[in-house]
Structures are given as C-alpha cells and as structure tokens.
Amino acid sequence: MTSHLSIERMHSEVMPPSQLLAAFVREHPRVFVLTGAGVSTASGIPGYRDAGGNWQRKPPVTHQEFTGNEAMRKRYWARSLLGWPMIANATPNPAHEALARLERLGHVGQLITQNVDGLHQRAGSESVIDLHGRLDQVVCLDCSAIHPRSSIQASMLNANPGFATGAATVAPDGDADLQTDFDAFNARDCALCGGMLKPDVVFFGASVPRPRVEAAFEALEEADAVLVVGSSLMAYSGYRFCERAHAAGKLIAAINHGRMRADALLHLKIDADCGAELTAIVGQLAH
C-alpha cells in the first residue's frame with residue numbers, strides 16, 4: 001500500500017482541501033468510490049437524512065410492509081406515480097460528471113452507489129454497481145420478469161387518471177408527499193403472470209442480493225483506497241465497506257456534509273459541496 005506521509009505533510013502545511021484530496025487520489029491509483037444521496041441532491045432529488053445523520057422524515061416503506069399489506073402497497077404506488085417523473089427527468093450534476101471524468105482519467109477502479117436514480121450512468125460512469133438497485137426497472141415478485149418503469153408508469157396512469165393530477169411535493173427515491181384516500185388506487189399486476197410488481201430496488205428491511213455484495217467486496221480488495229462521496233453511511237449496507245477497508249489497512253477519504261458513521265475510520269474528510277470539490281480535483285488531476 002502506498003505511504004500516506006506526503007498527505008500528512010500537506011495537512012501540516014494547511015493545503016486547500018481539494019489539493020489534499022487530489023494528492024490522496026494520486027497516491028492511490030485504484031480508488032473504490034462509494035456514493036450516497038448527497039451526490040444527487042444538486043439534481044433535485046432530496047435525501048433522507050440531515051447533517052447530523054438523523055432522519056429528516058418518516059423512514060420509507062419496508063419490504064415487509066410493501067409485500068404484506070395491500071393498503072401500504074397502494075399508498076406506495078400512488079405516491080410513486082407522482083414522484084417518479086422527478087427521477088426520470090433529473091439530470092446529472094457536477095458531482096456525477098466529475099466522477100465520470102475521474103473514471104476516464106483512470107483513477108476510479110469501481111464506483112458503488114447507494115442511490116437508485118441511475119445518474120452516474122447518465123453522466124458517463126461505466127464501472128458502476130447499483131448496490132440498492134434501479135428505480136427505472138420494476139420486477140415481478142412471482143415470475144421475476146423485469147419491466148421498464150416507463151411502461152408501468154403509463155399503465156398506472158391509464159388505470160388511475162384521477163391520481164395523475166394530484167398535488168404533491170417531491171420526496172426521496174421517487175416518492176412524493178401525498179395525503180388522500182388510497183383505497184381506490186389500482187396498483188397494476190404483472191402483465192405476464194398477474195404477479196405482484198415492485199420497483200427493482202432494495203427496500204428497507206430487505207438484503208442486498210449476495211452476488212452484488214460479493215462483486216463490491218472483490219472490487220474493494222483490488223482497490224488501493226476508498227473515497228466516500230455524499231453519504232453519512234448510517235445504513236450498514238454502505239458502512240460495511242469502510243469497516244472492511246479499515247480492517248485491511250486501506251485509507252478512507254470522504255467528501256460529505258456533517259456527521260458520518262465512519263468518522264472514526266477516516267484518514268481525510270472534507271466537509272464541503274461534493275460537486276465543487278470533485279470538479280476542482282478533476283481540474284488538478286487532468287494536468
């Protein structure tokens with residue numbers, strides 16, 4: 001593993017944060033990047049937690065509630081009907097674009113995202129593992145068929161014209177704050193088998209598919225260091241990668257506002273806007 005003495009010397013010289021992180025990336029050519037909701041907030045997609053890592057709103061629906069409670073399932077789909085366009089129409093922001101450029105410059109070995117918006121891919125990142133799945137896909141829990149969210153959205157709009165014009169405010173992960181009677185909502189079933197449809201994402205209370213986790217851990221083993229961007233890591237599904245990296249002696253840097261679950265494990269932390277910092281870092285590394 002590359003020595004971090006030069007970065008410690010820069011700390012003592014009070015170097016600007018972007019220079020510190022650029023040095024970190026230079027000294028660790030294969031960086032394992034882990035991103036969270038803070039990367040996408042500048043694209044208009046709200047996050048769940050505040051700067052202290054606390055919930056800003058009621059936690060989202062769990063897997064058990066969605067699959068076991070028809071009323072909860074109708075409520076989810078009705079709100080998602082209004083919230084999905086926010087995800088579908090969102091565009092990558094400077095943070096996504098800078099990470100894609102870092103990959104093209106050869107500094108990113110693997111990018112793991114806890115987000116479900118697909119914005120890293122839209123920005124041009126190729127080595128991406130969507131840890132929690134993708135909202136632009138819908139899976140049938142009975143026959144495992146994958147449907148494009150766009151087709152399910154059209155079907156639900158046709159079946160529920162009254163809900164399409166409802167007033168709602170956007171919420172994290174394609175949700176929307178909507179107060180109404182959800183009993184009349186028609187949650188569509190799989191067109192192939194009539195089974196239950198669910199967004200192809202990992203809801204709270206469910207586990208990330210094992211092959212996805214194993215692929216991420218394999219990439220971590222090959223990496224020289226870890227860079228966390230826009231995540232408090234309060235959810236263990238992301239924090240475990242920092243645990244594993246720390247146990248293996250790999251250095252961890254982070255760009256994130258506020259408290260992080262991994263604060264005690266970090267070698268370098270920048271409490272700043274991730275888009276601005278990453279753009280500055282790319283500017284330094286591109287020369």
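Helices (H or I, at least four residues) and strands (E, at least two) were taken as DSSP runs and numbered from the N terminus. The structure is a predicted model, in which local features need pLDDT of at least 70 and side-chain atom pairs count only at pLDDT 80 or more, while totals for chains, interfaces and linings use all residues. Residues are numbered from 1 along each chain as its sequence is written, and side-chain values use heavy atoms, with hydrogens and water left out.

The chain contains ten helices and eleven strands. Of its 287 residues, 52% are buried, where buried means under 20% relative accessible area, exposed over 50%, and partly exposed in between (1.4 Å probe, protein chains only). Contact denotes heavy atoms within 4.5 Å. Among contacts in the chain with a separation of 6 or more, 71% are between residues 24 or more positions apart.

Six strands make up an open sheet with parallel pairing, in the order β3-β2-β1-β9-β10-β11; two strands are taken to pair if DSSP finds at least two bridges between them. Strands β3 (128–130) and β11 lie at the edges, each pairing on one side only. Three bridges join β2 and β3 in the parallel sense, and L111 has V128 of β3 as its bridge partner.

A nonpolar core is defined as a set of buried Ala, Val, Leu, Ile, Met, Phe, Trp, Tyr and Cys residues joined through side-chain atoms within 4.5 Å. The largest such core has 29 residues, of which L21, V33, L227 and L278 touch the most other members. At least two residues of this core come from each of α2 (17–27), β1 (31–35), α5 (94–104), β2 (108–113), β9 (225–229), β10 (251–255), β11 (268–270) and α10 (274–285). With residues up to four places away in sequence not counted, L278 touches A95, A98, L99, L102, L227, V229 and I255. A second, separate core comprises 27 residues, including V61, F66, A78 and L119. In soluble globular proteins, nonpolar side chains tend to be buried together.

Residue S18 is located in helix α2 and counts as buried because its relative accessibility is 13%. Apart from neighbours within four places in sequence, S18 contacts E277, A280, I281 and Q284.

Helices α8 (residues 210–222) and α9 (residues 236–247) pack at about 35 degrees, their axes being 11 Å apart. The crossing of α8 past α9 is right-handed; a crossing is right-handed if the near helix is turned clockwise from the far one by less than a right angle, and left-handed if anticlockwise. Helix α8 contributes V213, A216, F217, L220 and E221 to the contact, and α9 contributes R240, F241, R244 and A245. Six of the contact residues are nonpolar, three are charged and none is polar (Ala, Val, Leu, Ile, Met, Phe, Trp, Tyr, Cys and Pro count as nonpolar, Asp, Glu, Lys and Arg as charged, and the others, Gly among them, as polar).

Most residues other than glycine have a negative phi. S144, not a glycine, has a positive phi of about 70 degrees. This residue lies in the loop between β4 (133–140) and β5 (146–148) and counts as exposed because its relative accessibility is 53%. L233, also not a glycine, has a positive phi of about 60 degrees. L233 is situated in the loop between β9 and α9 and is buried, with a relative accessible area of 1%.

Conventions:
Axes fitted to C-alpha atoms, helices over the stretch in contact; angles between N-to-C directions.
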